Every structure is written in C-alpha cells, then in structure tokens.
Amino acid sequence: MTRFVVLSLLALFAVGSARAEFSIPYEMFRLENGLTVILHEDHSVPMIAVNLSYHVGSGREKPGRTGLAHLFEHLMYEGSAHVPEGKYDEWLEAAGGENNGSTGSDDTNYWINVPSNALDLALFLESDRMGYLVESMSPARVDGQRDVVKNERRQSNENRPYGMAWIVMAEQLFPPGHPYSWDTIGSMEDLSAAAYEDVVEFFESYYGPNNASLCIAGDIDPVAVRASVERWFSDVPAGPRVAPLSPPVPFLEKEKRLVMEDEVQLPRIYMNWHTPRKFAPGDAEMDLVGSVLAGGRNSRLHKRLVYEMQIAQDISAFQYAQMYGSSFHVIATARAGHTLAEIEAAIQEEIDRLRREPPSRRELERAVNQYQAWYLAALESVGGFGGKAALMNGYYAATGNPDYFQEDLSRYLAIGPDDVRTAAAAYLRDDARFIMSIVPEGQRELAAPAAEEEK
C-alpha cells in the first residue's frame with residue numbers, strides 16, 4: 001500500500017465512525033469444476049499473492065482419526081505427480097517466491113507470494129497438488145510425515161510448559177463428538193492409527209476444486225490471470241459434494257473447574273466461556289470486551305493485576321471466533337509468591353464491574369481504534385497469513401462476500417458502551433464457565449478454588 005493510501009485511510013477514519021467507508025474491488029468467477037476464483041488488482045508493488053483455501057479443517061475429522069487435516073497439510077508439500085519431492089519449495093525460492101500453510105478447525109489455507117512474472121509457476125504448483133497429489137503419495141510418505149507431526153505435538157504440546165492447555169480446554173468446553181472437541185494437532189493414538197487409506201479418503205472427500213476458493217491479489221491483469229487459472233485448473237475433476245456441518249450449539253450447564261500439574265515455574269489460570277459464533281450478533285462485542293479488559297497496558301486487567309497489585313506476570317483476554325461456536329478466554333500467569341486464588345478474585349472483580357457498568361467512552365474508543373489499526377495493517381500487504389488475499393478468501397468462506405471489510409469493521413463502529421456491558425453480562429456468566437489451573441508439580445495449593453460441589 002502506498003503512503004498516500006495509508007494517509008487517506010487514516011484521515012477517513014479520523015472523520016468519525018459514521019463516515020468510515022471503504023471497499024476492496026474484486027472480480028469473482030467459478031470454473032465448471034466448481035472452483036471459486038477471486039481476483040483483486042493492486043499495483044503498488046510488483047508482487048502477486050496466491051491464496052488457496054480448502055473449506056475443510058480438523059472439524060471434519062472423525063472421532064478416532066483426529067489430526068488428519070493437519071497431517072494432510074504436511075503431505076501437500078511432499079510432491080505431486082509432476083512436481084518431484086522437494087521441488088515445490090526449491091522452484092518457488094528460485095523464482096523469488098515464498099509460501100506457507102495453516103490448518104484450523106474450519107479450513108486449511110495455503111499461500112504463495114511471487115514476483116509478478118512467476119504467477120504461472122504458482123498456479124501450476126497448486127493445481128498439480130489439487131489434481132494429482134494422490135498419484136505421488138505412498139504409505140512411506142504418510143509414515144514419514146506422521147512421525148513429523150507426532151514430533152511437532154511433542155515439541156509444541158507435551159514437552160512445552162502449559163502446552164496441553166488448549167487440548168484439555170477443547171475437551172472440556174465442547175461435548176464429545178463436536179467438531180471443536182479435539183485439537184487440530186490430533187491425538188497421538190489417532191495419528192498412530194491413521195493409515196494410508198485414511199489419508200487418501202480424506203483427500204478425495206474434501207480436496208476437490210468444488211470445496212475450495214482461490215484468491216489472487218496484487219500486480220495482475222484480470223483477463224490474463226483468468227486465462228491462466230482456466231489453463232491450469234480446468235482439468236481437475238470436481239470432488240463429491242461436501243454436506244454442511246450442523247453441530248449442536250455448545251453450552252455449559254454449570255461451572256467446571258480442573259487443576260493440572262505440569263513442569264512449570266509459575267501457576268497459570270485459564271477462564272473460559274462459550275460465546276456467539278463468528279460474525280454472529282455478540283461476536284464483535286466480545287472482541288471489545290477482551291480489549292477493554294486486557295487490550296494493552298492501559299486496559300483494566302493489565303493496570304490492576306500487572307502494574308498496581310503486581311500479582312500477575314502477564315494477562316490476556318480475547319474472543320476466539322469460530323464458525324460453529326466461539327469461546328472467550330482470560331489467561332493470566334501469577335508472579336512468584338502469588339496464588340491463582342488471588343488472580344481469580346481480582347479478575348472476577350473486574351468482570352463483575354464490567355457486567356454492572358459500561359466502559360467509558362474513552363475506553364471504548366481505544367478498543368475500536370485497535371481494530372481500525374489492525375485493518376490498516378492488513379490492507380498494507382496483499383499476501384501472507386494476514387494480507388488482503390487471505391482476508392478476502394476468509395470472508396468469502398464465512399459470508400460469501402470477499403469484500404466484507406466494511407461490513408466487518410462497521411460491526412465495531414456501531415457498538416456503544418452499554419452494548420459492551422450487555423455482552424459481558426450475557427456471556428461471562430459465573431454458572432457457565434470452565435476454569436483451569438495449571439500449577440507446578442506438587443503445588444496444588446497454588447490453584448484457583450475448587451468448584452462448590454468439590455469443597
């Protein structure tokens with residue numbers, strides 16, 4: 001993004017929320033095999049972002065076969081019928097490109113950033129993976145990447161301080177069988193049990209062009225790009241129709257509490273609630289609740305627990321938005337010599353205050369400004385994990401509209417102080433939450449209080 005455009009947007013936002021409007025121009029078409037293609041021109045730099053999203057994540061896995069979506073992300077880089085193993089990265093790097101991928105509960109995303117003259121290389125590589133991956137896959141490759149993923153789980157979860165927290169929280173917040181009741185990484189048992197045939201079935205079920213969207217943004221000529229997309233992707237056959245998920249709305253009937261011992265130095269508390277799904281009424285309000293409580297050094301919990309009382313090492317509060325049910329989290333690490341009972345009591349007082357009294361206008365403006373700044377940062381680049389191509393693809397998957405930027409931002413601009421208070425009162429309930437304490441081994445006395453029925 002040019003300096004002029006950034007300054008123009010800043011000036012636009014400064015005029016006031018009622019007049020803050022912007023739009024990202026795009027073209028969209030669909031191939032006969034069902035692949036949705038989104039094009040956006042941005043000639044600020046001679047780069048092109050290719051963002052391919054498959055509308056499948058760990059939520060589509062079967063109980064007993066968790067981890068397949070993430071395992072498959074790894075396998076996508078192991079070569080395809082016309083791309084030998086190791087050449088995907090090598091060819092892109094030789095052309096001056098970069099790439100990466102990510103797996104979530106709702107989708108799996110692959111992105112490539114390349115100079116303008118290397119677009120056909122990027123499209124060839126992605127189309128070959130989409131259409132001809134199974135031809136090069138083998139049980140040996142599955143076994144090799146399975147070991148890589150299992151080692152990743154050991155490093156990121158089992159052998160990392162507090163590393164099992166999110167796995168346990170998923171199990172406790174969501175009922176068995178719910179798409180979000182297991183972590184994306186999968187269980188060791190399920191990864192060990194996954195066979196070559198399971199992986200092939202997963203690919204053939206969900207990796208068809210009709211279950212994907214391709215966003216190409218940057219220094220492009222839309223007419224030429226459309227011709228290139230048709231040349232590289234039209235021969236990929238459509239996969240089976242993917243039925244929409246319809247899991248039950250998750251809820252907690254009462255407060256749940258759990259204490260875990262771990263090889264950690266300081267105790268940490270996790271307070272968790274169910275909240276409205278992504279883009280539903282209440283979702284944006286809970287984002288602002290998180291910002292008011294812990295969005296920066298001047299936020300309520302930071303000022304009180306970290307700077308004034310000095311009982312917390314760090315603290316965060318945020319809405320984790322997902323398509324089939326979101327969750328809100330307050331996470332705090334105690335300072336040496338302090339307990340999670342102290343931490344919880346102070347957090348509870350601030351939550352109670354927000355449930356009774358709306359935030360000040362200044363607090364709300366600061367929270368909204370954080371989201372405006374995030375939008376500006378996102379609009380500065382076309383590629384990567386958070387650039388325009390990724391956002392447009394995500395908006396399309398969630399709403400059907402790649403240019404959902406204004407509608408998304410408007411949700412925050414329309415929120416008043418009492419809306420924040422109402423959301424906190426509605427969703428941060430004492431009788432419908434899960435509180436987890438992680439304490440150093442043998443020091444359970446540092447944990448938050450037990451549930452009433454356990455006392």
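Ile-315 has Ala-332 in strand 10 as its bridge partner. Strands here (E, at least two residues), like helices (H or I, at least four residues), are DSSP runs numbered from the N terminus, and two strands count as paired if DSSP finds at least two bridges between them. This is a predicted model, in which local features need pLDDT of at least 70 and side-chain atom pairs count only at pLDDT 80 or more, while totals for chains, interfaces and linings use all residues. Residues are numbered from 1 along each chain as its sequence is written, and side-chain values use heavy atoms, with hydrogens and water left out.

Strand 9 and strand 10 pair in the antiparallel sense over 8 bridges, and they form a hairpin with 5 residues between them, where Gly-325 in the turn has a positive phi of about 135°. Strand 10 also pairs with strand 8, again in the antiparallel sense and over 8 bridges, and there Trp-273 stands opposite Phe-328 in strand 10. Because 9 of the 9 residues of strand 10 are buried (under 20% relative accessible area, with exposed meaning over 50% and partly exposed in between, for a 1.4 Å probe and protein chains only), this strand is largely enclosed by the rest of the structure. Ser-326, Phe-328, Val-330, Ala-332 and Ala-334 point one way from strand 10, whereas Ser-327, His-329, Ile-331 and Thr-333 point the other way.

Strand 8 (residues 268-275) is joined in turn to strand 11 (residues 434-440) by 5 bridges, the two running antiparallel, and Arg-268 has Ile-438 in strand 11 as its bridge partner. The open sheet of 5 strands has the order 7-11-8-10-9, with mixed pairing. Strand 7 (256-262) and strand 9 (312-320) stand at the edges with a single partner strand each, so one side of each is left without a neighbour in the sheet.

Helices lie across this sheet. Helix 10 (residues 283-294) lies across strand 8, strand 9 and strand 10, running at about 170° to strand 9.

Definitions and conventions
Contact = heavy atoms within 4.5 Å. Axes fitted to C-alpha atoms, helices over the stretch in contact; angles between N-to-C directions.
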